[in-house]
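Dear colleague,

Please read them with the model open.

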Amino acid sequence: MQMFFPLFKREFLGYFRSPVAYVFIVIFLMAAVGCTFFIGGLFESNQASLISFFTYLPWLYLVFVPAVGMRLWAEERRSGTIELLFTLPVTMAEAVLAKFAAGWLFLLCALGLTFPLVLTINYLGSPDNGVVFASYLGSALMAGAYLSVACFTSALSKNQVISFILGVVICFVLVLLGWGVFTDLMADVFPVGVIDFISSLGFMTHFQAISRGLIDSRDLLYFLSMIGVGLALNVAVLNAKKAS
Amino acid sequence: MNMKVWAQSAVGLLTIIVAIVCLNVIATKFYGRWDVTEDKVYSLSEGTEKILSDLDKDLTVKLYFSRSLKELPLVIKQYATRVEEVLKEYAAVSDGKIQVEVIDPKPDTDEELWASRYGLQGAMLPSGEQMYFGLVFIHGGVEHALPYLDPRREEFLEYDLSEAIVGMFREEKGKVGILSSLPVMASGGPMGGGESWVFVTDLQRSFDVTAVSPDAKEIDPTLKVLILIHPKQLNDQTLYAIDQYLLGGGRLVVAVDPMSRTDLAMSGQGMMGQMPQVSSELAKLFEAWGVAYNPSQMVGDALLGTRINAGGYPTDYPYFMTLGEEQFVSESVITNSLRQMLYAEGGSLQQKEGSPFSFEPLVETSASAGVAQAMMAPYMSPQDLIRQLKVDDQKHTLAALVRGKFPSAFPAGPPAEAEVTRQHLPEATGEASVLIIADTDFLADNNAADKFRFGSQIMIRARNDNLNFMANAVDFLGGSQELISIRSSGKVARPFHKVAEIQKAAQEKWKAEEEKLTAELQGLQQKLSELQQERTDGNRFVLSAEQQQEIDRFREQEAEVKKRRRIVRKNLREDIERLGNRLLVANLFVVPLLVSGFGLGVFYRRSRRLKKEKTHA
């Protein structure tokens, strides 16, 4: 596992050498704050909670996370630097993990920079900071789950745009699965047991559960599992491509 | 070659996925939950935990929920999941004593038959299907059902469940006695006495309530709580009996009153020349407990006045106080969850100077209260009484909990001619507790609840928390403190303090102005209606030119004043809007600007370095 840290460091710092990262963070923050204040009506709600922020976060991630993940593998494969990478004494798993971890840390930085919102509601009133903490925890895990999907789609194609679109589509399906409106629609077609199972695969169900303030190990495991599956698929695809 | 590698990675992938799935399946049995909310909304409260740990009998709870129905509203489905989770918590905390069964009573099955046999009510969904959502506790032959679990009662879920459990195993209801000069309990007298007051019926759900005679010679020591209502001129023997009951470990709830309207209504508005005595006191005993109370004074608070119809004019009457959350001392379990009470021409309590005992105010007025002579109340008009109010700018205590090792109010022993069977107690054997409230009218049916007919039944709906105050007080003193602590745990709203502060400050600033304008407006409107009156009284349809002119003039003035008032109200909101805008800008731009600045800084340094490298090359 020795190669993990150098790789991880290189990837992570690499973000900050590109102007894209800064643009990304700025747009993400402004979109998040915009949704919170304008669409979510934080100030008008007169409730000291960040529910108006976390309601829109899954949808923001839907677009932003694949944007972060799309270049992770597609770029390397297109420019050929991936060959260089594998001349190094690094296993596929290490490489995948390192890139994923770097991307995840980057996303966590972006998430962390939303801290003015926390300061704001603490200034305006006295929110339940336990719930705020739990919501941020859920967001962090959910970002990881989204990212693992994006990494996987990034490995599938050399073209960043294609991986972006694929990433968005798959994430969209995963979000939809747990979304109340969608499950209600499906109710007419499938029996209830099937629907409950399907919605337990979706991001929203587990994210909302954690955000309530009741941290259930099963929800934590869900996100870690999704990340695991995404990364496993990532490794498999890269191995397959490498072989061919 | 290719195939082998493919197969290998496929197998590897599959193994991982299977492993993950297995892990998740295992997790459904072995899992942990952490409630990180500040209010511990998802954990059981201490009261329930105590009840469950004290539970020594096995209990089965069957939750019937028609989960498989198609058209179930999401709210109900989510609530059902929550109820199931809470029941599982109960089972977990009860150390196996409670078994939970979740049943889906599909139509035309045995389960459905059992559901209705247990008394569960089915609700008809718009699709025509019958939905069951209720539960039943079973122990041996005893059953207690909660026929329908209403999502709107979510905050009381824990209370309802714990109360059901406690109620199931209560061997006998605790005994509570009421000694009252007002006819609060139904008397089966020859005239076919009246019904019990609502608060009595309420108490009878959890306690065995008996009437105690106002000239009782002895108080049954097995009474958990003795409630004294409007004690008027009790004789020494009875006072002694109460004193000894308290010192021997009994608990008291005392409701005295400087001005009892109920009493007044009963004793008639006075025979000529004789003023009815409608106040009550317990001076001798209060003295021993370090409590000061003036039975000739009633408390008024202009800020808390209630609107009454006084001779056709709606007036804010300061002696009928509508008490809000700020008036309840939140630390006490008795008042913690109360939201509103009506306090009708009552008095105030104080701790006697130098009293060594504990005096805990439970209910207070605002800081702009005052007092008036209670004696005058039956004879003066509300407006006159309002003028009688002498504001002393102090918070008056309306109800308090007094505790301590009280001395006997009869230090020299039992009064002469007393028939005493027990040894005289000169002092309380342990810490005695008395809850005193200086009003009795708040318990009257028409002040506490609305009664209405529902077919052949009379339904009672509490209008405020008056009944809850009494129930909490008796529960607290009677020992079921666990239930009260559960009663208090509910959802907590978290509004913006800052906004409220600004609103208040702005209101102070503009209140005077707005009041002036509103008064002006009212004056104008009254004038206008007077003019209209003239018109319909005198010349039916024809107006003199002058009258018309006057009316027009007043209408103009009215519009002007309304406009001015609108401006004032707008100013009230401006400060808040400004705050909102400032926060929006701060959130939207500060960090993004910092990030951009940081990014530009990084690039600037890099381009400088590159330039340097270039020039050196």
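Leaving out residues up to four places away in sequence, Asp216(A) touches Tyr31(B), Gly32(B) and Arg33(B), where contact means heavy atoms within 4.5 Å. Asp216(A) is found in strand β1 of chain A, residues 214-216, helices (H or I, at least four residues) and strands (E, at least two) being DSSP runs numbered from the N terminus. With a relative accessible area of 8%, Asp216(A) is buried, a word that stands for under 20% relative accessible area, with exposed being over 50% and partly exposed in between, for a 1.4 Å probe and protein chains only.

This is a predicted model, in which local features need pLDDT of at least 70 and side-chain atom pairs count only at pLDDT 80 or more, while totals for chains, interfaces and linings use all residues. Residues are numbered from 1 along each chain as its sequence is written, chains are lettered from A and ligands numbered from 1 in the order in which they are written, and side-chain values use heavy atoms, with hydrogens and water left out.

Thr120(A), in helix α7 (residues 115-124) of chain A, also counts as buried, at 6% relative accessibility. Apart from residues up to four places away in sequence, Thr120(A) touches Leu583(B) and Asn587(B), and its side chain is joined to that of Asn587(B) by a polar contact of 2.9 Å; such a contact is a pair of N or O atoms within 3.5 Å, where within protein one must be able to donate a hydrogen and the other to accept it, and residues adjacent in sequence count only if both atoms are side-chain atoms.

As for the interface as a whole, 51 residues of chain B are in contact with 58 residues of chain A. The two chains bury about 4,900 Å² between them, 68% of it on carbon and sulfur atoms, buried area being the accessible area (1.4 Å probe) that two parts lose on being put together, summed over both. On the chain B side, Arg494(B), Phe496(B) and Asn587(B) lose the most area to chain A, together 15% of what that side buries.

Chain B itself has 15 helices and 23 strands, and of its 617 residues 42% count as buried. Among the contacts in chain B with a separation of 6 or more, 73% are between residues 24 or more positions apart.

Best regards
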